[in-house]
Amino acid sequence: MNRFWGIGIGALLTALGGPAAAQSAGEAAAAGLDLIVVTAQRRDENLQQVPISVSAIQSEAIVEGDIRTIEDLGAAVPGLVTTNTASYSAAPISIRGIGGANGGGNFFNDEPVAVYLDGVYIARLSVSTADLIDVESIEVLRGPQGTLYGRNSTAGALLINTKRPTDEFSAELTASAAQFDEYRISGAVSGPITDTLSARAAIGYSDRGGFGDNIVDGSTVGGSEDFTARLSFNYDPLSDLSFTLISEYQSREAEPALIAATDLGTTGGVASPFDPRDDLNEVLDSNEFALNDPNSVDVESYSITLLGEWDLGWATVNSVTGYRNWDLEGTQDSDSTGLQLFSNNGALTSEQFSQEIRLASNSDGRLSWIVGGFFMTEDTTVDFAIQNFNGLFGLGTNAIFDGEQTTDAYAVFADATFEIIDGLSITVGGRYSYEEKDFQNDQDVLILNGGTVPPIPPAGPLGGLTFAPGDVFAAPPVFQDTADFDDFSPRAVIDYQFTDTIFAYASYSQGFKSGGFNSFGLTPAFDPEEIDAYEIGFKSTFWDNRIRFNVSGFTYNYENLQLRLPVPTGGVDIQNVAEAEITGAEFEFTASPIEGLTFTTNLALLDTEINEGVLPSIPTNTPPFPIGIPLTLVDEDVSGNSLTRAPDVQVFVGLDYERPVGPFILGAAANYRYQDGVFFLETNQDASTFSNDSWNEVNLRFSVADADGRWEAAVFGQNVTDERYVTQVTALGGFPNASVSEPAKWGGQITLRY
């Protein structure tokens with residue numbers, strides 16, 4: 001804790017705070033910084049008057065920053081940690097030290113960062129790697145949002161809003177090309193059809209050739225091909241009644257770039273999960289990977305969203321109806337080497353329907369309120385197989401899992417704010433949640449290679465037995481169970497508007513993430529996750545609206561925190577730890593000292609600790625072992641350990657300048673991102689293979705545009721210092737597999753608008 005606050009005070013004195021909500025240079029004008037409107041409390045409000053830590057990224061910043069996926073926002077938003085995908089397009093999001101199942105390997109587990117697309121809650125971990133096409137804004141709500149965005153938001157919520165149809169005709173086209181055979185094109189057309197009906201069509205395609213070479217077969221890895229099409233209609237039959245219909249289709253094919261973090265591939269069948277490979281940096285610098293089995297994922301989704309709004313005069317009714325179907329198929333070289341050790345393949349289908357209805361007051365008086373109800377049903381099926389080629393003393397095993405889960409979730413919520421005296425308000429709210437999950441899992445373990453079990457003591461009664469390929473080694477009975485979870489999460493806030501530009505608040509809230517079942521287990525449900533959160537905040541704007549400075553401090557107490565654990569024979573296990581504590585502070589600073597110049601910086605400080613918990617682990621003092629001998633787990637007291645993907649320090653500094661020169665506007669932008677090292681496993685934290693070091697990135701952009709904003713041409717450089725680092729480590733078969741950052745990349749972009 002002393003190191004934590006020492007770093008904080010030093011960084012604050014030198015950096016004058018931390019980066020504010022990410023925004024484009026266009027937000028700074030002669031009159032100062034533009035107003036930022038957010039929907040963190042289910043109504044349009046000034047960011048500077050919302051008693052919640054929120055960062056908002058506007059559409060201009062998304063295009064100009066070449067932000068293609070949520071993964072690109074890591075360390076740019078305070079407290080937000082993103083990763084490159086480690087398996088099956090799973091790239092979990094972490095906010096303030098809480099990020100759910102590292103690697104996303106439990107297909108039925110819920111994430112603690114709730115993701116909403118156009119107001120619809122997305123149940124599966126499927127958005128973080130999807131292309132961002134024609135997006136109006138992204139809001140990152142930090143801290144539990146248990147009342148208004150309440151389902152499984154113990155860490156926070158991510159609100160993605162696409163652009164709506166316009167009343168006047170408009171069109172936009174953006175195309176870019178970059179190193180490593182990377183191409184992208186997207187466009188949108190919008191306008192009226194009749195006096196009451198307007199439409200918008202958006203389409204996008206990207207092809208990333210891949211930055212890595214597979215030395216086994218000569219193929220490239222780290223590439224992807226994405227396609228998105230969206231059609232929206234806005235219908236206003238009456239002046240006080242409107243409907244928006246949004247339909248979307250997305251497809252994605254990718255070849256994740258994974259690398260073994262140990263010397264597994266060079267030891268000839270003897271290895272330890274805790275012996276780091278000496279040549280990791282050299283391999284990263286050369287962009288060489290060794291995969292004898294394919295790493296591939298094929299994702300397809302389509303969704304329909306219907307939004308309705310009816311202004312009753314005294315209140316407004318909002319309805320959000322959503323349907324989403326998501327299919328995934330993939331294969332993976334689980335050992336990430338040229339050796340035939342571990343592999344897996346599987347298919348996942350998720351079909352969900354949700355309905356939310358809200359009634360919010362329109363009063364301009366001292367009392368404002370909102371009440372609502374939420375329902376969601378989801379059917380998820382998983383067919384998965386894990387191949388351990390050296391398991392069972394070289395006979396090999398093929399463990400097949402067929403799982404199904406049906407989830408029904410219900411909630412009612414209310415939130416009310418009362419202004420006691422001018423400037424002083426209190427807010428109280430609560431959300432009651434009830435969920436039921438029906439789970440079924442059928443498992444079979446087949447012999448993969450065949451042969452005779454050696455007659456040695458470790459083989460026990462199996463010694464001398466002969467099995468043929470395809471023989472059933474184990475077929476436990478089908479596991480079926482039903483679990484239900486309920487919770488009431490309250491919220492209380494007191495805030496005071498000292499002046500028109502100075503605002504402060506203090507809040508207490510609870511959050512809840514339901515329990516669930518393990519994809520690869522035959523055990524009862526694990527417990528739900530709960531949090532008590534305390535936060536204070538200060539938001540200010542001064543110097544004629546040219547400076548914005550926000551700061552927040554928080555402390556969290558978690559009970560039954562859900563953690564992801566590797567299974568040495570393959571698969572993933574979710575278990576609870578009894579108690580964990582998080583303390584942190586975030587500073588956001590934005591300034592526009594002269595016209596056209598915007599300076600942005602943020603600083604996030606974090607201290608995490610597991611207060612109480614025991615988890616199964618592989619002992620770090622285990623000597624290297626032959627792959628065919630199963631590992632023995634021991635109970636490890638993880639009290640005092642840090643949480644995963646929870647950096648002590650994050651820093652972002654951005655400078656954006658635009659200047660008219662004749663008939664053109666010239667622009668230059670640069671940003672710097674820093675993130676402290678993190679752990680990727682709550683156990684074995686004295687080993688280096690399940691952690692990474694701190695990293696830095698520098699990004700540059702230079703542009704020229706016409707004064708009317710009809711076109712813009714730009715060149716950009718990403719990670720120009722070619723910093724290579726591990727973004728995520730996932731234990732597959734007990735061994736660390738690492739996803740890595742992309743190398744330095746330069747490219748060009750052109751945008752046309754009408």
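A pocket, on a 1 Å grid over the protein atoms alone, is an open set of points where a 1.4 Å probe fits, with protein on both sides within 12 Å along at least five of seven lines. Its lining residues have an atom within 4 Å of a point. A volume is the space filled by probe spheres set on the points, which are joined across faces, edges and corners. The model is predicted, so local features need pLDDT of at least 70 and side-chain atom pairs count only at pLDDT 80 or more, while totals for chains, interfaces and linings use all residues. Residues are numbered from 1 along each chain as its sequence is written, and side-chain values use heavy atoms, with hydrogens and water left out.

The second largest pocket has a volume of about 600 Å³. It is lined by 25 residues, and Glu 45, Gln 49, Ser 368, Thr 417 and Ser 425 are the closest to its centre. Strand 25 (367-388), strand 26 (397-421), strand 27 (424-447) and strand 31 (479-499) each give two or more residues to this lining. Strands here are DSSP runs (E, at least two residues), numbered from the N terminus. By class, the lining has six nonpolar, eleven polar and eight charged residues. Ala, Val, Leu, Ile, Met, Phe, Trp, Tyr, Cys and Pro count as nonpolar, Asp, Glu, Lys and Arg as charged, and the others, Gly among them, as polar.

The largest pocket has a volume of about 1300 Å³. Of the 44 residues that line it, Thr 39, Asp 44, Asn 161, Arg 164 and Glu 309 lie nearest its centre. This lining divides into 13 nonpolar, 17 polar and 14 charged residues.

Next come the strands and their pairing. Strands of a sheet pair through backbone hydrogen bonds, either parallel or antiparallel. Two strands count as paired if DSSP finds at least two bridges between them. Strand 22 (residues 296-311) runs antiparallel to strand 23 (residues 315-332), and 16 bridges join them. Ser 303 has Arg 324 in strand 23 as its bridge partner. The hairpin of these two strands has three residues between them, and there Gly 313 takes a positive phi near 100 degrees. Strand 23 is also joined to strand 24 (residues 342-361), by 18 bridges and again antiparallel. Here Asp 327 has Thr 349 in strand 24 as its bridge partner.

Elsewhere, an open sheet of three strands has the order 19-45-44, with antiparallel pairing. Its edge strands, strand 19 (258-260) and strand 44 (726-732), each pair on one side only. Three bridges link strand 19 to strand 45 (residues 735-740), and Ile 259 stands opposite Ala 738 in strand 45.

Key: Helix = DSSP H or I, 4+ residues; strand = E, 2+ residues; numbered from the N terminus.
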